[in-house]
Amino acid sequence: MKAFLGFIKKEFLHIFRDRRTLLILFGMPLVQLLLFGYAVRNELNKADIAILDHSRDEITREITDKLLSSGYFQLTAWLKSESEIEVVFQRGIARNVIVFESEFGRKLIRDGSANINIVTDASDPNMAQMLEGYTVNIIRDYQQEWQERNRQVQQSAGGSAGGGASISGIVPEVRMLFNPELRSANLFVPGLIAFILMLVSAFLTSITIAREKEQGTMEVLLASPLNPIQIIIGKVLPYLALSVINVFTILIVALVVFDVPFRGSVLLFSMLSLLFIMAALALGLRISSVVKDQQTAMMISLAGLLLPTILLSGFIFPISNMPAVLQYISHIVPAKWFLIIIRGIMLKGVGLEFLWQETLILFGMVVILMATSIKSFKIRLE
Amino acid sequence: MHNDNIIEVSGLTRKFGNFTAVDHITFEVKRGEIFGFLGANGAGKTTAIRMLTGLLIPSTGQATVAGFDVFTQTESIKKNIGYMSQKFSLYSDLTVVENIRFYGGIYGLRSRDIRRKTDELLERLGLADVRNRLIDDLPLGWKQKLAFSTAVIHEPAIVFMDEPTGGVDPITRRQFWDLIYEASDRGTTIFVTTHYMDEAEYCDRVTIMVDGRIDALDTPGGLKKKYGAEDIDEVFVKLARGGVA
Amino acid sequence: MSIDGRYPMRTIRFIIQKEFLQIFRNRLMLAFILLAPVIQLVILAYAATFEIRNIDLFVVDQDKSPESRALIDRFSASENFRIIGYSDVESAGDHALLSNDAVMILNLPPHTGRNLVRDGRAPVSLRLDAVDGFSANIASQYFLQIIQSHNEELGSMQWKADSPAHIGITVSRWYNPELNYQSYMVPGILVLLITVIGGFLSGMNVVREKEIGTIEQLNVTPISKTQFIIGKLTPFMILALVMFSFGLLLARFWFEVPFEGSLGLIYLIAATYLLVVLGLGLLVSTITHTQQQAIFITWFVFVIFILLSGLFTPIDSMPDWAQYLTWANPIAWFIDIIRRVMLTGADLRDIWVSYFVLMTYGILLIGAAIARYRKSAA
C-alpha cells in the first residue's frame, strides 16, 4: 500500500512539475470556452456587400441606406457594370451584390413594380442563405414603409382609407424553451465539457502510458511489487483529478461570465460526469494497450476519440441532420449520450426520471470498456 | 603547445545555475592514445564529454579538439570526431543496414563506400546474418558494437565514447574493447568514459574525476604506484574518500 | 576514403530516406495516415452540416377535427419534419420534450377547427427545445412557412393585393445554385486534414528524437541546421500532398465538387500552405522537450486557428476583434483561397495578396524553426 501511494505521488509530480503542460491543460479549456462564447457564432455581423446601382435615384439610395444602417452589412464596393460582380466574388471583396435595375424609382412609381437582383456568392451556401434572408427582409420592410407613406399621402390627399389588415387563419404562438435568447454559448458549453473530459481523460491517458512503453519504463514498473491494476489506477488518478478540476473551472466560468443557466441537480451532474470520465479513461487505456509509441497513440486518439466527440456527438452539428449511417454510428459515441444528459440537467433542469435511458447506456459502455481494457492490459503485460 | 596533442583542455568549467558540474579541468590527450575518463556516476564525465564534442558550450576555460575551439568552432570539431553517447543512438525501428547507411550518408560518404564499409563492418562484427533485422530485435551487446562501428564509419581522428559498455556482460565487454583496439591500431584517438575500474587497465592513460574535478592523471601503472594500490579500484576509493573529506 | 561534403543535397536526401523508412515501418501509423483522411473526409462532409432536416415533432391534438388533421397532414407531408408521436394530452408533449424525444411540440387546443370555421382565426401553440438556438430558429421558420402556405390555401389571407406598388426580388446564387453544402465544406475539410496530420506529425518528429536520444548522435555530426530542417520537412510535405491528392480525387469524383480553378495553382497553394503548417510543427518540436508537450502546444494552437478559420462558422459572423485575429490565422487564409480557387475559379491575380501572406508566414516559420534548432546547448 505504501509503495502504491508513493507511486501515485510520483505520477502527480510528473504532471504538476511540467509547468508548460499544466498551463495548457488549464488554459486550453478556458480559451476554448471564450472562443465559443464570443467568437464562434452563426449570426450575420457586418457582412461585406457591393452595390450595382443602374438607376441612382432617391429610392435606390434609400434602400441602400436602409441596408447599410441595419448593422448587418458594410459596403465594400460600388460597381459600375455586371462584369465586375465576378471579380468582386473571386477576390473575396464581397459575398453579396445588390443590383438595382435602371430607372428603378421611376418604374416603381409609374408601373408599381421594379426589380432588384440579389446576387450571392453561394460557394458558402449557409452564408448565401443568410444573406438572402436578411436582404429580402430589409427590402420588404422598406416596401412596407414606402407603401405606408404613399397611403398616408393618398389619405391626406383625400383618398379612401385602406382597411387595417389583420392576420387571420391559423395563428401560431411560438415559444422557445430552455434557451429563449437562442444563445450559442448555452449550446456549446455542455459540449465543451464533454470534449475537454475526453481530451484530458482519454487522450492524455493513452499518451502517458504509451510514453512509458516507448521509454521502456513500463517494464520497470511491472517488475515492481505493484500489480497491474494498481499501476493503471496510479496512472489514471492524476488525470481523473485534472478532469474534475477542469469540469468545475469551465462550469464556473460559463455560469459567471456567460450566464449559462444551471437548472438541475449539481450532485447528479457530478455523478454522471464521473461516469463519463470513467468511460473516457477506459477508452484511453484500451488505446494504450494496443500501441507501442506516443505517435500512434495520438493518431488513434485523434481519429477515434476526439473527432467523433466533436462531430458525431451533437456538440456542434445536430445529429438529426446527418445521414442514417452516421446517426447509427453516433450511438456508439459515449459523448453523444453524455451530452444529452448534461444538457438535460443544465438547461432543462430534468433529473434521472427523464435521463435514465441515457444513463443506463453510458453505464453499460463503462462496464464493457473497463472490462475489455483491463483484460487487454493484463494480456499485454503478462 | 605540442603538436602531438589532439585535445588540449585548460581550466574548462561548466555551471548549471549554482551547480558546478565540471570544475576547472585541465589535461591533454595525445594523438593516437586510448584515454580513459573515470569517475562515479554524476562526477561530471558526461558534461565534460559533451563540451568536447561541441554539444554543450562551456561556461569558462579553454579547450581545443583536433585544433578547433570548443566555443566557436563546434561545427568544425564535428567533422573530425565520432561520438557514441550514453543514450542509445541507433534507430530501433530501422534495420542494421539502414542505420549504417544513414549515418554513413550524413557524414558525406559516397554510396559505393557505404556499401563496401557496410559489408566489411558486418563481416568483422559477425552480424552479416542479421543485416536486415530491426535494431529493436537485437541483444544489447550487439547493438553497442554496432553503435560503435557507426560512430567511426567516417574514420574520424578522435572518437568519444560515453559509458559504451554500460549494462553489457563481461564477455561482450571484452569483445567491445577488441573493437576499440582495432580502431586505435588504425590511428584513431580514443576518448572513453567508464565507471568500470577494471576497464581503466585497458587504457594508455587515465584520469579520475571526482565531483567535477580531475584528481589524478597518469598511466594505470603510475597511478597504482603513486597511491600504493593493488588496482585502480583501490586508487579510486582512496581518491573518493579524500574528495569527501 | 572520399568524404563528399560539397553536395548539401546529398545529406538532405539521406535524412529524407530515413524518415520515410521510419514512417513506412510503422504499419499502423501508415494505415492511419493514408486511410484516416479518406474516412474523415467522408464523415465530416456529411456530418458537418447545418442543413436542418428531420425535425422531430410531437403533436398534441386536443381537437381531433378535420381541420386539425388537415394541418397535421401538412407536417407529415413535409420532408423537413418527422412526426414522432401524437397524443391528446398536453403533458405527453412535455414529456417528449424533456426526455429529448422531440424538439418541437405543436399543440392544437380544443375547438381549433370550430374557431377556424366560425371566427376565421384559430390560435395554436408551438414550443421548441431551443438549446440549439440556431436550429430552433430555422425550425420555427420552416414551421411558419408551412402555416403560412396552409393559411394561403385556406384562402384566408386578406392583405394581399393591398398595394399595387411592389418591389420584385430575384435571387441569383452564383457558383453553387443548388446550395450544395458539400461543395463548400469539402475544400475546407481537406485543409483541416492536411493541417492536422501534417502539423502533428512534424510537431512530434524532432522532439521524438530528443526523447529517444538519437538527436545527440545527429547533433554531433557535421550536418547543418538548414539541411536538418529541410530533411525533416520534405517527407511530411510529400506525405501531406499525397493525402491531399486522395482528398482531391474524392472531392472531385465522390462529392462532385466543381474544380473551376487551375489544378496547378491548387497544388502550388497547398505546398505553400504546408510550409506554414510544417514550419510551425517543426518549430514547436524544436522548442519542446517531450512529445506530450509538443502535442499539447500544437493542439492548442490548432484548435484556436480552426475555430477562428471560418470553416464551421462564417468569419463574417464573428465580432470585430475575432475578425482581426483571422489576419494572423494561416488556416483562415488557406481555406479562403482554396474555396475561391476551386469554387469560383479565381486565379493567381485574384488571390496574390493572400498567397503572399501565406508565403511570408511559411518562410518566417521555417526560418524560426531553423534558428531555434540548437546543435549545441548554451
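The structure is a predicted model, in which local features need pLDDT of at least 70 and side-chain atom pairs count only at pLDDT 80 or more, while totals for chains, interfaces and linings use all residues. Residues are numbered from 1 along each chain as its sequence is written, and chains are lettered from A and ligands numbered from 1 in the order in which they are written.

Helices (H or I, at least four residues) and strands (E, at least two) are DSSP runs, numbered from the N terminus.

Of the two pairs of chains in contact, chains A and C share the most contacts. In this pair, 100 residues of chain C meet 94 residues of chain A. Helix 6 (133–154) of chain C is among the elements that give two or more residues to the side touching chain A, as are helix 2 (27–47), strand 4 (121–129) and helix 7 (181–212) of chain C. The largest share, eleven residues, belongs to helix 6 of chain C. By class, this side of chain C has 56 nonpolar, 29 polar and 15 charged residues. Chains A and B, in turn, do not touch, and their nearest C-alpha atoms are 11 Å apart.

Chain A itself contains 14 helices and five strands. Its radius of gyration, taken over C-alpha atoms, is 29 Å, well over the 21 Å that the globule rule gives for 382 residues, so chain A is more spread out than a compact globule. That rule is 2.2 Å times the number of residues to the power 0.38. Along its principal axes, the C-alpha trace of chain A spans about 100 × 50 × 40 Å. Of the 382 residues of chain A, 44% count as buried, meaning that 20 or more other C-beta atoms lie within 10 Å of the residue's own, against 12 or fewer for exposed and a value in between for partly exposed, with C-beta atoms placed from the backbone.

Back in chain B, strand 1 (residues 5–16) pairs with two strands. Strand 2 (residues 19–30) of chain B joins strand 1 in the antiparallel sense over eight bridges, and strand 4 (residues 60–65) of chain B does so over five bridges, also antiparallel; strands pair if DSSP finds at least two bridges between them. B:Ile7 has B:Val29 as its bridge partner in strand 2 of chain B and stands opposite B:Val65 in strand 4 of chain B. The hairpin of strands 1 and 2 of chain B has two residues between the strands, and B:Gly17 takes a positive phi near 65 degrees there.

In chain C, C:Asp347 sits in the loop between helix 13 and helix 14 (348–372). This residue counts as partly exposed because 14 C-beta neighbours lie inside 10 Å. Not counting residues up to four places away in sequence, C:Asp347 touches C:Gly261, C:Ser262 and C:Leu265.

Conventions:
Two residues are in contact if their C-beta atoms, placed from the backbone, lie within 7 Å. Ala, Val, Leu, Ile, Met, Phe, Trp, Tyr, Cys and Pro count as nonpolar, Asp, Glu, Lys and Arg as charged, and the others, Gly among them, as polar.
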